[in-house]
Amino acid sequence: MATEIDIREWQRGDLAKIQRDWLEFCRQATRSDIRLKPDCEIAMANWLAYRFKESEAFGFIAELDRNAVGFLIGRVGDWESAPPVVEPRKLGIIDAVYVNEEFRRRGIGIRLVERALQAMRDRNAVAAETIYDSWSADSAEIWRRVGFAPWMVHAYRML
Ligand SMILES: CC(C)(COP(=O)(O)OP(=O)(O)OC[C@H]1O[C@@H](n2cnc3c(N)ncnc32)[C@H](O)[C@@H]1OP(=O)(O)O)[C@@H](O)C(=O)NCCC(=O)NCCS
């Protein structure tokens, strides 16, 4: 079995695979009130290309024996409160972390998140945040394992 996991920065050539994988994940995550746009592939490609160029953004690719098996996309930026009563502070945000299904439960997700947390520290962020599906055991548990805890909870109800 392959064992060598390497985490490297993303390159433009990684975007097509990220797009496929992430859209596949989005397709599975839809529900009756959430549908993908008919042009979601173009929208995703444009968004990734824009993110790739943004100086605040970063992306990491997990490779196993030189094959990409997972990715993480995040960014660091100054956060302003609304209303603007809190001193602005620099936060790191993880937008997406994904590991191909056949390579899960080998510690790759945790390695990606730890690398992202280091990138945030290097950019002087004071805290990190992410959004995850609290009903999904996979994602809820990995965030707990890397030290994230729910804080301001985003609640939702159908109308
Ligand atoms: C979430 C995800 C990235 C985890 O990747 P992974 O490489 O399997 O994670 P790891 O192997 O590093 O797992 C770390 C820990 O998280 C927990 N965990 C991961 N998957 C789990 C599952 N299916 N059920 C319960 N706990 C799980 C475990 O505590 C695990 O440690 P262990 O294997 O020693 O018990 C992967 O399941 C995935 O890509 N899911 C779809 C995308 C997604 O939900 N992303 C998160 C929101 S953006």
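1. A word on naming before anything else: strands here are DSSP runs of E at least two residues long, helices are runs of H or I at least four residues long, and both are numbered from the N terminus. The peptide bond that joins Ala82 and Pro83 is cis, with omega at about 0°. Please keep in mind that this is a predicted model.

2. Now the overall layout. The protein chain has four helices and five strands. Along the sequence they come in the pattern β-α-α-β-β-β-α-β-α. The radius of gyration is 16 Å, close to the 15 Å that the globule rule gives for 159 residues, so the protein chain is as compact as a globular protein of that length. If you'd like a box around it, the C-alpha atoms fill one of roughly 50 × 40 × 30 Å along the principal axes.

3. How much of the chain is buried? Buried residues account for 18% of the 159 residues. As for how the chain folds back on itself, take the contacts between residues at least 6 apart in sequence: 60% of these join residues at least 24 apart.

4. The helix pair to look at is α1 (residues 15–29) with α2 (residues 40–53). Their axes come within 10 Å and cross at roughly 130°. An angle of that kind falls between the roughly perpendicular range, 65 to 115, and the roughly antiparallel one, over 145, and α1 and α2 are therefore oblique to each other. The crossing of α1 and α2 is right-handed.

5. Which residues make that contact? From α1 come Leu15, Ile18, Gln19, Trp22 and Leu23, and from α2 come Cys40, Glu41, Met44, Ala45, Leu48, Ala49 and Phe52. Sorted by type, the residues of the contact of α1 with α2 are ten nonpolar, one polar and one charged.

6. Helix α2 also holds Asn46. Is Asn46 buried or exposed? Asn46 is exposed, because 11 other C-beta atoms lie within 10 Å and the cut-off for exposed is 12 or fewer. Asn46 and Trp143 are 97 residues apart along the chain, and their C-alpha atoms are separated by 28 Å.

7. Asp65, in the loop between β2 (57–64) and β3, has phi near 50°, a positive value in a residue other than glycine. Arg105 sits in the loop between β4 and α3 (108–122), and its phi is near 65°, again positive in a residue other than glycine. Asp65 is exposed, with 10 other C-beta atoms within 10 Å. Arg105 is exposed too, with 8 other C-beta atoms within 10 Å.

8. Go on to Leu64, which belongs to strand β2. Leu64 has 19 other C-beta atoms within 10 Å, so this residue counts as partly exposed; buried would take 20 or more. Where sequence and space part ways is with Ile5: Leu64 and Ile5 are 59 residues apart in sequence, yet 4.7 Å apart in space, C-alpha to C-alpha.

9. Ala128 is in strand β5 (residues 127–130). What does Ala128 touch, leaving aside residues up to four places away in sequence? The list is Gly92, Ile94, Leu117 and Met120. With Ile94, the separation along the chain is 34 residues, while the C-alpha atoms of Ala128 and Ile94 are separated by 7.5 Å. Ala128 is partly exposed, with 19 other C-beta atoms within 10 Å.

10. Met152 lies in the segment after α4 (137–145). Why is Met152 called exposed? Because 6 other C-beta atoms lie within 10 Å of Met152, and 12 or fewer is the cut-off. Met152 and Ser55 are 97 residues apart in sequence and 28 Å apart in space, C-alpha to C-alpha.

Technical notes: Residues numbered from 1 in each chain as written. Predicted model: local features only at pLDDT ≥ 70, side-chain atom pairs only at ≥ 80, totals over all residues. Rg over C-alpha atoms; globule rule 2.2 N^0.38 Å. Contact = placed C-beta atoms within 7 Å. Axes fitted to C-alpha atoms, helices over the stretch in contact; angles between N-to-C directions. Parallel < 35°, antiparallel > 145°, perpendicular 65-115°, else oblique. Left-handed = near helix turned anticlockwise from the far one by under 90°. Nonpolar A, V, L, I, M, F, W, Y, C, P; charged D, E, K, R; others polar.
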